[in-house]
Every structure is written in structure tokens, then in C-alpha cells.
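Hello,

Here is the structure I promised to pass on to you.

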Amino acid sequence: MSAPLLTVQDLVKTFALPRRSIRGPRPTVQAVSGISFRLERGRTLGLVGESGSGKSTTARLITGLVRPTSGTIDFGGVDVARADRRQQRALRRRMQMIFQDPRGSLDPRMRVRDVIGEGLVVHRIASGARLRTRVDELLEMVGLRTGDAEKYAHEFSGGQAQRIAIARALATDPEIIVCDEAVSALDVSVQAQILNLLRQLQDELGLAYLFISHDLNVVRYMSDEMIVMYLGKAVETGPAARIFEEPAHPYTQALLSTIAQDEWADPQSATPGVAGEIPSPTSPPSGCRFHTRCPLAFDRCRVEEPSYAVLGEGHLAACHLSHDRAAIA
Amino acid sequence: MTVTVSPQQPPAAPGGGAPLLEVEDLRVSFAKGGRRLQVLSGVSFAVDAGETLAVVGESGSGKSVTALSIMGLLGGGVIDAGSIRLGGRDLVPLQRELRAIRGRDIAMIFQDPLAALDPLFTIGYQLREALRFGGYPRQRIRARAIELLGSVGIPDPERRQSAYPHELSGGQRQRVVIAIAIACRPKLIIADEPTTALDATVEGQILDLIKLVQQEAGSALLLITHDMSVVARMADRVLVMYAGAVLEEGPVREVLGRPRHPYTQALIAAVPRGVDRSKPVPTIPGSIPSLLETPTGCRFAPRCPHAMPVCAAAEPPIFRVDEVRASRCWLEDEAVHA
């Protein structure tokens, strides 16, 4: 196994909230409570979870947009969390992001040529004729015409705008691209085109993706490995194909049941999924954080936080029941 | 066997009797820069009492405009032709009276519950307002509001009724919107992407709730969505729209299981659902036609893998495939195969 591109260890991020009263302590919310994973060249790590699970905060921590409270993010020997300004600048070149709303992330007053080339200028990678050639090359890579370079972002449809955002992300030859709900706002037929483009670029350029999506069908198609997050914790991690086949954690099981393959043929097989809603992250439940909604919860779950049960092939689940099953097997 | 019927006529609704909602040859246009853009070009369908009809399509298909036309909320749009009959009464010529029908006979659930609720009033007040508007007996309004909040799954409704929308989660807000929608036991509920803004786990709960209240009130449900799995879960029948026209119609299992129209086939295939990871996701080449061009022939023909010379020359009528299914495609024409 080659050395991973990105190694994240025990990542924690606590945000301070406004004081409720003058005397009281300042309440805090732990958006990410101890996440660890590795991302390798040419691989895709899927990140799934409900709103408030901490998946977007994880993405922002990794890209250095926010600093972690504790933990390390090793990106090719540099700790993103402790990088100085100069190092951060270099890191940004090697790590890019694609967001959900392509039109919101592209400056409407800039021509496509400048939108895509901005990173090259900022990082002083190319200028003049070389810049022009590179932008044309990037446009072709994402399936747009070189003639599109002189237009403005608003002249494009949502799918084409997302192609521009991808070209912009590719400009600085990044090694990692964080896709935060990158295809969620697109129509099904356009979404399929963008997914294929992302996969094709990955094959050609050896890109690693951190792929965040609420659409489990999309995550299944894109991911090699995946992390299921719940209230800031990874409740299950491992090879994506394996987790989709045999989800071990009750939360994952409930989540995946919402896309049961036979649901289209027989609506009765649609399971209710998880009861209730995600509790407030300001006061997460004791013990296992999922116990308030878990159909299988027992006394121990309420008091003791489960450690990871090792289920083989890098498959881990934070559930007391998985420990029992792992012990029997 | 295929039988040709006159264009625009949908298959007869099963069960006999007049359908609750009958939309016929609806044509809607918007003015833009001195030109008229036709967004709906002859949409016809019917919904029976108690039935769920899903309208599925991508952006620009006209599914939301269809819903807004029924509600009389088109804004800058104009109904150029066609009729919308609710219980036999045409809503199109009505102006002032529509206000009363809307909210009492027709209720709408929108995608964004935060936008649908007024941030300045408590949820209890907004619910009581809906009951007052619907002519509910005054002395029972308070109790009924609390009862409704409880029935949509708001815990401790007595206390929670004085909460403001921002104090609730997205799922809870959508529950309140549903309570307001069903307050007057509407004959028709129109839900436009009701769960698109919600988490996957909450989505299932809200869909189940909509189904439950619909059954209890005996309302018909017109569900507008882009999500095939929502269609599969909720609908009795499905209407597939593309660029302002209905391309296919039929019972949900049949349409999803054996789609007839090439567009429906392509749309279903493009969902990366259980697809082999080593292969690309099937896509639909090209993009949705611009509204500025008046289509001659089939509007899907430029992107259709089965396109024939006739498709570019003449717009196909709706062909009735059997009792319950219809497809607007020349492939259904016996003459084509002859």
C-alpha cells in the first residue's frame, strides 16, 4: 500500500456559541468529535450523514478554512492544522473544492477565462500566452468549447456552470478535490454527466476525492471508501461496497434502507427509516450518541460510548452489538 | 396493440365517474423581452378523489407551472387556453372566488417550509388563521389547532403552538405546513417537492405523514417531484413531463418498471441506482430545448436514441397504449412499424 495522500487523526472542532446569560459559561458545540481517516491517490472517500452530522465542518477543516480544536491533518508531510501562511498558500494549490451551487460560487462579473485562470494568476503559475493555452485546455477537459471562455458564468446552464467550477478547481493541478454536494442541485440527466466527468478526470489525473453527498445512490456509485457520520462522530467506516452490502451500525442500516433496491417495485418494502430527528449537537446524548433513535438500544448504550468493533477489511462500526458479533465470529 | 386516439385526450381515469380534478389542454406563457415564451403547450390530465398523481420531470419541464396554474399563483404567467376543472367547476375564469377555493378546497405544500411560514407569528396563530379562513366554528378553533399539531407529530402541541417557525427544525416546520394544509380538509393537496429540502431520514417520515393525512382526509394528492424514488414510494399514477408537455402517463409500477417513452427510459436509467461502478452512468445527450424555439416535431427527438424522420417532421399525438397507459411517441404508432 502506498503512503496515503492525506491522513487525518482524531480531528475535533468545537465552536463557541453566544453566551445565554451574563454570568453563565459560554456554551459550545462540538461539530466534529474525533474523526480519523486516510485518503489515497486516485481514490474517493464518501462522507454521508444528516444535516448537523459534521460532514461540511470536516470538509472545511481539511481544506484549512477553519482550524481544528485538536487533532492532526497530515497532507504530504505538512500539518494543515498548523501550517503557516506560506504553507497554507501552497496547500490551497494542491487542494480544491467544488460546491453545490455552481452559479453561487462563480463570480457573475468575471469572464469564464478569468474565473478559471484566477488560481493560476494568484499562484503565479502561468500568465500571458501560457495562461490562455492552459484555460483552453481546461475547458476541453471538462467538455466545454474554447469559445466559451469569453462568456460570463450566468450565460450557462447549471450543468455547464458546474463544469466551469470543475475546470477552475483543476487549474492548479490539485491532488485532492473536496466535492461538497457537488451534484445535488443538478437534474438527474445532468447529474449523470457530471458524475461521469468526475470519474473520468479521476482516472486521467489520479485525483483523490472527498465526496460529500446526501444522495446515497450517488455516494455508492462514486466512493471506494466511506464514512457514515452522526453528531460529529464516525459511526461506521470502511470499503463503500461492503458497507452498502452489509451495513453493521443500526444508523447506517436505517439510512441505507431508504434506498432499498426493491422499493421501486414494491412500495410496501419501504421502511420508515430512522424515527425522530437528529438531536441538537449542543447537548449530544450520553453513551452512544445514536441511542435516542436506535431501535436496538439497551441499557449499556445509554451510559457507555461504544469503541470501534473491527469487522475485517478495514470495516469498523462504533456499536456495542457489533463487538458482540465480532467476538462470536 | 396500440390504438390511436385524438391528441391531447388522456386515458380515461379508472373507476368511472367524473374525476376530481381535470386539466385539459392547458397552455401557459410568460412574457420575456417582448416575446412570449410558451411554458406549457397543451397539458391534459385528471386526478380522482383519494388518488395520488405524481408529476415528474427535470427543470424546465413545466411541472411547477402546472401546479401554480391550478392554484392561480402564476404571477407573470398567462393561461392562454385550456381548462382546470375542480369538481366540475372551471377555475380558469375565476378571479376573486379563487381565493376562497384555494386554501379550502385546494391546499399547497411547498418545498421550503421556512418560506411558507410567517416568521413573525407563532405556528399556533398561523394554524388558527387557516382554520378561521376555512370557516371553522370559532369556539372550537383553538382545540382543533392543538389537535392538528398533535396529529402531524409535533410533540407537546399544547406548549409548542406558541413557538415561532425559527424555533423548529426543518422537519418540524414541514409538519406544521402540512397541518395548515389539511386544516380545512381540502379536496386536493398539491405538494411541490415537499421533501427536497429535508434530510433523507426525515424525508421518509414526512412522506409517510403526507400519505397518512391524505388518506384520513380522503384528499387527492398532486405530487410534483424530480425524484423517482419519491414517485415510487407515493404515487398511484405518474405523469412524465418534458419541455412543457406530457410525454408519458400510467400506473406507477408499470411506468417505472417498463417505461415506454424513450425519455422516461433515459430518465430512469440516469439515476445511479445500483449501477455497475466500472461503467459510466447512462446519460441523455444534449440539453433541454430553449423555450424560444417553437418545436416542430417531437420535442425530445434531438436527444432521442430512437429518433426517426417522422419525429422531426411532426409532433406525435398522445397514443393510448392500453386502458391506463399513454405515450407521446411515434414508436407507438402502428403505421410506423408497418
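Below is what I found, starting with confidence and then going through the chains and their contact.

Please keep in mind that this is a predicted model. Its scores are ipTM 0.83 and pTM 0.87. For chain B the mean pLDDT is 88, with 93% of the residues at 70 or more. Within chain B, strand E4 (residues 52-56) has the highest confidence, at a mean of 97, while strand E1 (residues 3-4) has the lowest, at 44. Residues 1-15 of chain B have a pLDDT below 50, although this stretch makes 34 contacts in the model beyond near neighbours in sequence. Where pLDDT is low, the predicted coordinates should not be read in detail.

On to chain A. An open sheet of eight strands runs through it in the order E6-E7-E8-E3-E9-E10-E12-E11, with mixed pairing. Strand E6 (95-98) and strand E11 (309-310) of chain A are the edge strands; each has a single partner, so one side of each has no neighbour in the sheet. Elsewhere in this sheet, strand E3 (residues 44-48) and strand E8 (residues 208-212) of chain A are parallel and share four bridges. If you want a place to look, A:Leu47 is opposite A:Ile212 of E8(A).

Helix H10 (residues 250-257) of chain A lies over strand E9 (225-230) and strand E10 (233-239), at about 105° to E9(A).

H6(A) also packs against helix H4 (residues 112-122) of chain A, with the axes 7 Å apart and an angle of about 30° between them. The two helices, H4(A) and H6(A), are therefore roughly parallel. From H4(A), the contact uses A:Val112, A:Val115, A:Ile116 and A:Gly119, and from H6(A) it uses A:Ile164, A:Ala167 and A:Arg168. By type, these residues are five nonpolar, one polar and one charged.

Now for chain B. Its domain assignment gives domain 1 (3-105 + 186-289 + 298-337) and domain 2 (116-185). The C-alpha centres of these two domains of chain B are 30 Å apart. Where they meet, 14 residues of domain 1 touch 14 residues of domain 2. On the domain 1 side, helix H2 (97-104) and H8 of chain B each supply at least two residues, and H8(B) gives the most, with seven. That side of domain 1 divides into 11 nonpolar residues, two polar and one charged.

Chain B also has a hairpin worth a look. Strand E2 (residues 21-32) and strand E3 (residues 35-47) of chain B run antiparallel and are joined by 10 bridges. B:Ser29 has B:Gln38 as its bridge partner in E3(B). Two residues lie between the strands of this hairpin, and B:Gly33 takes a positive phi near 55°.

Finally, the contact between the chains. It takes 29 residues from chain A and 32 residues from chain B. On the chain B side, helix H8 (200-217), helix H9 (228-234), helix H10 (252-257) and helix H11 (262-269) each supply at least two residues. H8(B) has the largest share, five residues. The chain B side comprises 14 nonpolar, 11 polar and seven charged residues.

Best wishes

How values were computed:
Residues are numbered from 1 along each chain as its sequence is written. Chains are lettered from A and ligands numbered from 1 in the order in which they are written. This is a predicted model: local features need pLDDT of at least 70, side-chain atom pairs count only at pLDDT 80 or more; totals for chains, interfaces and linings use all residues. Two residues are in contact if their C-beta atoms, placed from the backbone, lie within 7 Å. Ala, Val, Leu, Ile, Met, Phe, Trp, Tyr, Cys and Pro count as nonpolar, Asp, Glu, Lys and Arg as charged, and the others, Gly among them, as polar. Two strands pair if DSSP finds at least two bridges between them. Axes are lines fitted to C-alpha atoms, for helices over the stretch in contact, and angles run from 0 to 180 degrees between N-to-C directions. Domain bounds come from an automatic or database domain assignment. pLDDT is the predictor's confidence in each residue, from 0 to 100. Angles under 35 degrees count as roughly parallel, over 145 as roughly antiparallel, 65 to 115 as roughly perpendicular and the rest as oblique.
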